[in-house]
Amino acid sequence: MSEDHRDRADAAPPELPEYAERVLDVAEHIPPGRVMTYGDVAEWLGAGGPRQVGRVMALYGGAVPWWRVVRADGALLPGHELRALEHYRDEATPLREAGRTAEGQLPRLDMKRARWDGTGGEAAHV
């Protein structure tokens, strides 16, 4: 192993950006069975926007309940639909089943019932 490679291997992982830490903290406080949209998280934090929150979740969200931060239309995260659906069913997250004419379609989140406004529970500490 070269000395240069050894130096990089011994280096500490890059520090998580402060905004990313804040986004992930909100995601960790969303109760099971509830969701917040990317825009809701940004509004809760008073910083950034839906795209910034989505970018944080894409880059760093694997260690938090990522399935609880969702699109505003209730569609399941493309490429992760089945994993997310399993979590939603385990947590009894309200879903809207696909219509009868939508053969083979996945359900969507029932945003009216599943959306969490950040009040009550542990989120008061965020």
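The following exercises, each with a worked solution, concern a predicted model of a protein chain.

**Exercise 1. Confidence in the model**

Determine what the mean pLDDT of the protein chain is, and where the pLDDT falls below 50.

*Solution.* 
Step 1. The mean pLDDT of the chain is 85, and 79% of the residues reach 70 or more.
Step 2. The pLDDT is below 50 over residues 122–126. Beyond near neighbours in sequence, this stretch has nine contacts in the model.

**Exercise 2. Helices α2 and α4**

Classify the arrangement of helix α2 and helix α4 from the angle between their axes, and describe the contact.

*Solution.* 
Step 1. Helix α2 spans residues 18–29, and helix α4 spans residues 50–60.
Step 2. Their axes come within 10 Å and cross at roughly 85 degrees.
Step 3. Angles of 65 to 115 degrees count as roughly perpendicular, so α2 is roughly perpendicular to α4.
Step 4. On the side of α2, the contact is made by Tyr19, Ala20, Val23, Leu24 and Ala27. On the side of α4, Gln52, Val53, Val56, Met57 and Tyr60 take part.
Step 5. By class, the residues of this contact divide into nine nonpolar, one polar and no charged.

**Exercise 3. Helices α3 and α4**

Carry out the classification for helix α3 and α4.

*Solution.* 
Step 1. The axes of α3 (residues 38–45) and α4 come within 8 Å and cross at roughly 105 degrees.
Step 2. Helix α3 contributes Tyr38, Gly39, Val41 and Ala42 to the contact, while α4 contributes Pro50, Val53, Gly54 and Met57.
Step 3. Six of these residues are nonpolar, two are polar and none is charged.

**Exercise 4. The cavity**

State how many cavities of 30 Å³ or more the structure holds, and describe the lining of the largest cavity.

*Solution.* 
Step 1. The structure holds one cavity of 30 Å³ or more. The largest cavity has a volume of about 70 Å³.
Step 2. Its lining includes Tyr38, Trp66, Trp67, Arg71 and Leu77.
Step 3. The elements giving two or more residues to this lining are β2 (69–70) and α5 (81–91).
Step 4. The lining residues divide into ten nonpolar, no polar and one charged.

Notes: Residues are numbered from 1 along each chain as its sequence is written. This is a predicted model: local features need pLDDT of at least 70, side-chain atom pairs count only at pLDDT 80 or more; totals for chains, interfaces and linings use all residues. Side-chain values use heavy atoms; hydrogens and water are left out. Axes are lines fitted to C-alpha atoms, for helices over the stretch in contact, and angles run from 0 to 180 degrees between N-to-C directions. Helices (H or I, at least four residues) and strands (E, at least two) are DSSP runs, numbered from the N terminus. Angles under 35 degrees count as roughly parallel, over 145 as roughly antiparallel, 65 to 115 as roughly perpendicular and the rest as oblique. Contact means heavy atoms within 4.5 Å. Ala, Val, Leu, Ile, Met, Phe, Trp, Tyr, Cys and Pro count as nonpolar, Asp, Glu, Lys and Arg as charged, and the others, Gly among them, as polar. On a 1 Å grid over the protein atoms alone, a cavity is a set of points where a 1.4 Å probe fits but cannot get out, and a pocket is an open set with protein on both sides within 12 Å along at least five of seven lines; lining residues have an atom within 4 Å of a point. Grid points are joined across faces, edges and corners, and a volume is the space filled by probe spheres set on the points. pLDDT is the predictor's confidence in each residue, from 0 to 100.
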